[in-house]
Amino acid sequence: MARQHTGHEDEFSRRQFLAGTGGALVGMSALGLAGQAAAAKRHPQRGGTLNYGASGDASGLDAHRHNTNHVSAPLSVMYTGLTDLDQAGNIVPGLAESWEPNKDLTSWVFHLRKGVLFHNGREVDAEAIKLNFERIKNPKTGGDWERGAIANVDRAEVIDRHTVRLYAVAPSVTMPANVMHYPTRMMAPDAFDTAADHPIGTGPFKFVSWTRYSETRMERFENYWETDAEGNNLPYLDAIIGKPKQEPSVRLTALRTGQVDFIDTMAQADITPFNQDHSNDYHIWEWHRGGIFTVFNFRNGPFQDKRLRTAASHAIDRNAIHHAVFYGHGAMADQPYPEGNPWHLEGITSLEYDPERAKAILKEARAVGTEVSLLCLSTWVIGRETAQVVQDLLSAVGFKVEVNLLDMVPWRQARTKGAFSASIQGNTFRYDPDDFFGRNLYSKSQYAKILSGWHNERYDQLIEEAKRTVDTARRKAMYTEAWNIANAELPFFFLHELTDTSAAAKAVQGYQPGSAGALAYHGGGLRAAYMTT
Amino acid sequence: MARASITSTPEGFDFETADLARLSPKIRLWRGLKEAAWELWRNRLASIGAAMVIILFLVAIFAPVLATHNPVKQNYREMLQTPSEAHYFGTDKFGRDIWSRTVWGARRLVIIAVLAVCLGMLGGIPLGAISGYFGGKLDAVLMRVVDAWLAFPGILFYLLAASFIRAYELSLFWNTVGLIVALGAARMPSMARLVRGSVLAEREKEYVEASHVIGESHLYIVFRQILPNCLSPVIIQATIALGFELLIITSLSFLGLGAPPPTPDWGADLNLAREHMVTRPYLAIFPGLAISYAVLGFNLFGDGLRDMLDPRIADR
Amino acid sequence: MIRYTLYRLVQLIPVLLMVSVFVFVMIYALPGDVIDALAGESEAQDPLVRAALEKELGLDKPVYVRYFVWLGKIVIYGDFGKSITTGRSIGVEVFKRIPATVYLAIVAVTLSLIIAIPMGTIAAVRRRTWVDYVVTTASVTGISFPQFWFAILCVLFFSLFLGWLPASEYKSPFDDLGLSIKHLILPASALGVRLAAITTRLTRSAMLDEIRKEYVDTARSLGLPERRVIFKYTLRNALIPTITVAGLQFGNLLGGTVVIEAIFAWPGIGLTLYDAIVSRDYPMVQASVLILATAFVLVNLLVDLTYRLLNPRIRLP
């Protein structure tokens, strides 16, 4: 089981900001591939088809409309973005070789790599990039989440054939992270109209077919620009066939019977037994996915009263969740970034499990028996189970809790209307901290408005400043202060880390997930995987 | 046109007893014993069924007494335990006692199933009776409606209904009421069809004609005279329907459309148990057995009723 | 016969119309409306965006206009519209899915008949012996099992424990028959065993009915061997109701395989419909229900006609 630590993020970021020359960046690329070079020396065989047992099926092929999650959807390997990831989670060059902001961080110029082609042979030029951004920002063609991810991009401007400038709505250092392939995927403009049937991207694999619930076929894109340290063209695999198997036990069985060679997640309950019985026969990786937390609604409901929020937080025993829902995997957490990650904040205090104190507070506030409706998405198993534990814990101190499991559309409606007292919410790992601290809690963020709807002057100030701060140490200090405010005011009560475990047959070589589970990243992941028989 | 042929049988003629007369006393005795054993077995199955149903109702009624623990209280120190003296059926992943959950689950399930079938009868019987009795255009129209009703793909009707109910964020009570209404509505067309068939057969009979002549109102004839004679197939159907209703309810809960957690629910518990199929199969066995037990009881009882009330069925 | 067929076909039309009205109205009564499904969370509240989307989807017109437009498109052009979630043509999607369910249903029913007919016959012939008791008890138990439970137990036992059969995947029989059957066995058995239980009882009682008839004794007294009597005459007649019910079961299965498809990830119409309901993909739900209902009534009609063909004693009205 490999858990990668992100150690060198500071250095690389600063290098990029200083508008590194081609030399510095090439050097960096080589460094990024250093880990893979050892694998490359094993003479990877070109060819082979990977059968991928996926936990979900795509809901649609248009990448501007349907989120193709880069840690689980096979289709995600069809796309790359302006920037890319490395194994450790740093932002590295992708379709753009380099980029620099202007003095006050209100616009960024991206220098595109030359000779990169879309799957249909069209060259990736500044015009194409511009059209992509326009399409995503248009509510008719861009999906809600995708638009939210580039909410800070005002518009794109073509400078010359291979240079594009992105204007920011507000000064921000997050631009490079926002144009990575998660969340922003580039597609060929001349294929926009047929995107729902045959999407054209820039990634190492290109689309062949999609039969819903049955399979997704992709094959190697021969003109993919990336190479490994020895100059071999990536990717090595001939084709990837994604087979959606929603049932975790069915998926795991498919792996064990050889029907699939790779599964992206398995049920939490199966992890330990699988490790015990099969760690010699399969590769197993555990990786950080994000976090899970309780949201307290400030817009209506009983939790507008700080005493009740405090009582509820004291009532929650993270240990119970750790064992009942996660079977001891992952770590209890009081903040989104795990230990070892450069954005893990020091000196954070959060409320301890103290049911007696919770009961006392409720009694004092004459709020014993307060009715609470706990919202959760019905199809999210981990969330549901956590909601049940939280319900039990809150009921034990005197709340009257009803769990409200809603399907996707009514759930979104409930969030928008604020029709809940508290909810169980998750977050996926974000490569830039503003995507968590800003997006989820900054009062002017659209998303934050449908979560807790909390508003705090000082917090907003800190977030705005942190957005403009280049120096990571100073940024970190600001987020620390901000998160401490959040822990005092309790719009959120962070519960636990979300981890997942993926597994592959021994025949799959050269693969390692990104530190946050990315399936493909610069010089690695599925781009550098190969099959031995 | 019905043709007289060697394949037609005069009603009521019992070949078997006619056979017996020709055979020796010893064989007759043996046959007689077998007959008795069979009757006992058939009735035994029926009485076993009746007993099972009665036990089920008793468990549902006395759930608070029979349960050993609070069925919704979680206990993180006792998660996933195997069956033991303290926990007869073991504990689930939240440390809840499975025996208590099974016992309480019976209550909700039985209430919903009974009410749903009653609702189905309440709606279906008048519909079928009126359609069968008056016949003609009314019958044609009503039967088309029933056909359309039945053509609606089965479980999807329930799925739609359940999604509907859940989306309104209702309290547990209204949630349950909605489910009962949906199930009852789905049960009505088959009831209607059944009653219509019986009424059609009955209305040609003499006593109906006699009532007409006397001048009794149609309503009186249908509801006070014809229907009581049609009751037996309805009762049999209702009993068996109860069993199937249980299966439908648990299937819905299994798909996640039942009562919100942590209400004890056999289908939902089975769903939870899926994670642990390999490591802890007992988690899935008990709720599954409970469901099978309940449905089996109703089926056996229904069969037994059919034997008693409808002697023409060739299963002697 | 032809007249009767036409008469029944004509009667189908009002039935199907009613189904279409049912499904159209019911969907729009579902909370979590179309706009919310399409628009994002932030924009769903924006009245301008709502108005624009409404106009685009034709939702600003009253219900009955929308109904006729929808129905008209289907009947005249065969255009079922586009799915909200995938953006692809619904007709294409649904008709791609139907073969999987049909395949599963046919095999399940066939399997059930293979089990039920012999068992029912034996139980009838060896009436009141231990064979009969076993078969009767087994079939009653089989009917009482929850299908989804049985399915999971099957996967657990045959796939994981014994490792004989793969967990599941749809393979068209036209591509690779052997592999296709291998993948089909578990879901088809999960469905078929229950059907078999029902059919066994039916076969048994139908056979019992037949055996008691006069012609059987006549045949016996003519000196025909018992075997021939059973198989050539009795069974043939008893099979009529059996096959009829099998046909009806097939029709029921078309809409009733949701749970099995969900468990076995079988890409059939049931799973499609379930997903569409959960994600409020209204056009998809409406189209699928309509297609399924049509298939159901057509199958029923076919079964009915076949029954009348096989059974000359039935008087045609």
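Reader: Leaving aside neighbours within four places in sequence, which residues is B:Ala113 in contact with?

Author: Two residues are in contact if their C-beta atoms, placed from the backbone, lie within 7 Å. By that rule, and leaving aside its neighbours within four places in sequence, B:Ala113 is in contact with B:Leu242, B:Glu245, B:Leu246 and B:Ile249. This is a predicted model, in which local features need pLDDT of at least 70, side-chain atom pairs count only at pLDDT 80 or more, and totals for chains, interfaces and linings use all residues. Residues are numbered from 1 along each chain as its sequence is written, while chains are lettered from A and ligands numbered from 1 in the order in which they are written.

Reader: Which residues touch the most other members of the largest nonpolar core?

Author: A nonpolar core is a set of buried Ala, Val, Leu, Ile, Met, Phe, Trp, Tyr and Cys residues joined through C-beta atoms within 7 Å. A residue is buried if 20 or more other C-beta atoms lie within 10 Å of its own, with C-beta atoms placed from the backbone. The largest core here has 247 residues, and A:Ala529, B:Ala113, B:Ala151, B:Tyr158, B:Leu246, C:Ala108 and C:Ala293 touch the most other members. Helix 4 of chain B (residues 98-134) provides the largest share of this core, 18 residues. A second, separate core of 63 residues includes A:Ala320, A:Leu362, A:Val372 and A:Ala387.

Reader: How do helix 9 and helix 10 of chain B cross?

Author: Helices (H or I, at least four residues) and strands (E, at least two) are DSSP runs, numbered from the N terminus. Axes are lines fitted to C-alpha atoms, for helices over the stretch in contact, and angles run from 0 to 180 degrees between N-to-C directions. The axes of helix 9 (residues 218-254) and helix 10 (residues 266-273) of chain B come within 7 Å and cross at roughly 40°. Helix 9 and helix 10 of chain B are therefore oblique to each other (angles under 35 degrees count as roughly parallel, over 145 as roughly antiparallel, 65 to 115 as roughly perpendicular and the rest as oblique). Among the residues making the contact are B:Ile249 and B:Phe254 of helix 9 and B:Trp266 and B:Leu270 of helix 10.

Reader: How many residues of chain A are in contact with chain B?

Author: On chain A, 20 residues are in contact with 18 residues of chain B. Strand 14 of chain A gives the most to this side, with 5 residues.

Reader: How many helices and strands does chain C have?

Author: Chain C has 13 helices and 0 strands. Of its 317 residues, 44% count as buried.

Note on methods:
Buried ≥ 20, exposed ≤ 12 C-beta atoms within 10 Å, placed from the backbone.
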